[in-house]
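Hi everyone, thanks for coming. Let me show you a structure that may be new to you, and we'll walk through it together.

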Amino acid sequence: MRIGVVGAGHAGVEAAGQARRRGAEVVLYSGETVLPYFRPRVVALAFGQVQLDSIYLRTQDWYREHGIDLRLNSPAVHIDTCARTVVAGGHEERFDALILATGASPALLAFARDLPRDVIPLWGVSQSLVIRERLAGTRHLVILGGGISGVEAAVYGREAGLNVTLVEKMDRLMPLQLGPRAAAVLAHRLQNMGINVITSRYAETISKAEGRLQVILNDAGTLTGELVLTTVGAVRTLQLFAQAGLRTGRGIIVDAYQQTSVPGVFACGDIAQRDHLRTGTVLSAIETGRGAADNAVAFAQSRPLMHVPAPIAPLRFKHNDLEIQAVGPATGDGLEERVLPSEGGIIYRCVLLENDHPAAGPGQTLVGVQMVGSHDDFRHLADGLGKPWQAIP
Ligand SMILES: Cc1cc2nc3c(=O)[nH]c(=O)nc-3n(C[C@H](O)[C@H](O)[C@H](O)COP(=O)(O)OP(=O)(O)OC[C@H]3O[C@@H](n4cnc5c(N)ncnc54)[C@H](O)[C@@H]3O)c2cc1C
C-alpha cells in the first residue's frame, strides 16, 4: 500500500508519520529546500531568537529511520485524482491514496510588488532568512498586520532596540482572537514596551527614496522606515486542485472524514475547508493530518472511514512577561464577556458565555476564554469549553 502526501508542513509530516505507523509506504513531497519546520517559530528565526536547526520538526535521520521517503524541493506540479498520480521533480508516481497538505500562502500587498527585499511577508524560513539579513541595516521597522505574528515581531523588534510601529486595519489587535477589552490591555502592554501601536488604519502605498521606505496610510499619515514586514492574511492556492477536478471553495472542500470530493483523496491542515474556514493552527493541522492518514490507509485497505473530530485549538504566546492565551470566538452577538478577577500588573482575564447554547441547552455555556498577561486557570477553563458555566469548578 502506497500513500502520497503532498506538502510537508505540520499536517503533511503528521500524516506521513501516521500512515507509516499504519503500515503504508509513504512518499512526502515538499515544495521547500529545507527540512520541514515548526512554522510559528519563523518569527523568532527572523529576529535571531532561534537558529534554523532548532525549529525543524524532525531530523533528517528520523525520516530515513521511519521509512518516509521525504522529497525536498519537489513541489507537485500535476495531480490526477482519478488515477491517483502525482507529478513532481519530473517524475510521475501512482498511489493507493493521496493526502493533500499544501497549507496556505501569505496575502501580498499588490502595491509593494516592486519592493520584494523591503516589504517582506512573515511566513516561512526563506522570508525569515532575508528579514534577518535586512534587520542589520534597520533602525525603524514598520509591521503591517496586528495578528499574533505581527505582535510577536513587534516585541522581538523592540527588544532588539528598533523603533517599531505596528499597524492594524481593524479597531484592535488580534481581532480574530481577542475582544476589545483584552486587545486594549495588549495594546497598553506593547505601548509600555515602547512600540507604536496604530489601529483602524492601513497602508495604501509604499514607496522608496534614498534607501528609506515611506508608508502612506489611508488617513494620509506617513510612516518611514528601512524595512516593512507584512502579516496581513493568508490565501490558499487552489489552481492545481481545481484543475484536478476537486471541489474547492476557500480551500479544498472535505467532509467529516477529511475526504475530498474524489474518493481516496484526502486533505488536511490549512488547505482543507471543512464547514467554514477557521484560522489555521498547528494543533488542527496535526489532528486533521493524523485523521486524514488513518482514513487514507482505511481507504486503501477497503475498510470503513472514521469521523475526524474538528479540534478546538487555543492560541498561546509567551515571551518574558508578555503572555497571550485565547480560545473560542473573539466576540459575538449574544455572547456575554465576564471578567475574571486578576491580581497585580496590567492583566485581563475573561470568559465568553452563551445563553441557551443550541447544543448545550438552557443556561450559560462557556464558549471562549481570553487572557493577556496571565495564564491562571486557562487550561482548566479551556477544557471546559462547551460545558455549562455553572458546572465548571
Ligand atoms: C508567521 C506565522 C505564525 C503562526 N503562529 C501560529 C501560532 O502561534 N500558533 C498556531 O497554532 N498556529 C500559528 N500559525 C499557523 C500555523 O503555522 C498553520 O496553521 C500551520 O502551519 C498549518 O500547517 P499545514 O501543514 O496545513 O501548512 P504549512 O505549515 O503551511 O505547510 C504546507 C507546506 O506545503 C508546501 N507546499 C505548498 N504547495 C506545495 C506543492 N504543490 N507541492 C509540495 N509542497 C507544497 C508549502 O511550501 C509548505 O511547506 C502561524 C502561521 C504563520 C505563517
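Predicted model: local features only at pLDDT ≥ 70, side-chain atom pairs only at ≥ 80, totals over all residues.

In total, 29 residues surround the ligand, and the closest are Ala 11, Glu 32, Ala 76, Asp 270 and Val 282.

Now for some individual contacts. An oxygen atom of the ligand sits 2.8 Å from a backbone N or O atom of Ala 11. At Ala 76, a polar backbone atom is 2.9 Å from a nitrogen atom of the ligand. Thr 102 also has a polar backbone atom 3.5 Å from a ligand oxygen. Overall, the protein covers 87% of the 990 Å² of accessible area that the ligand has on its own. As for elements, those giving two or more residues to the shell are α1 (10-21), α2 (42-46) and α8 (282-300).

Let's finish with Pro 40, found in the loop between β2 (25-29) and α2. Is Pro 40 buried or partly exposed? With a relative accessible area of 35%, Pro 40 is partly exposed, because that value falls between the 20% and 50% limits. Leaving aside residues up to four places away in sequence, Pro 40 touches His 10, Glu 152 and Val 282.

Conventions. Residues numbered from 1 in each chain as written. Heavy atoms only, no water. Near = heavy atom within 4 Å. Polar contact = N/O pair within 3.5 Å; in protein donor to acceptor, adjacent residues only side chain to side chain. Areas by Shrake-Rupley, 256 points an atom, 1.4 Å probe, with all protein chains shown as cover. Helix = DSSP H or I, 4+ residues; strand = E, 2+ residues; numbered from the N terminus. Buried < 20%, exposed > 50% of the residue type's maximum accessible area, 1.4 Å probe, protein only. Contact = heavy atoms within 4.5 Å.
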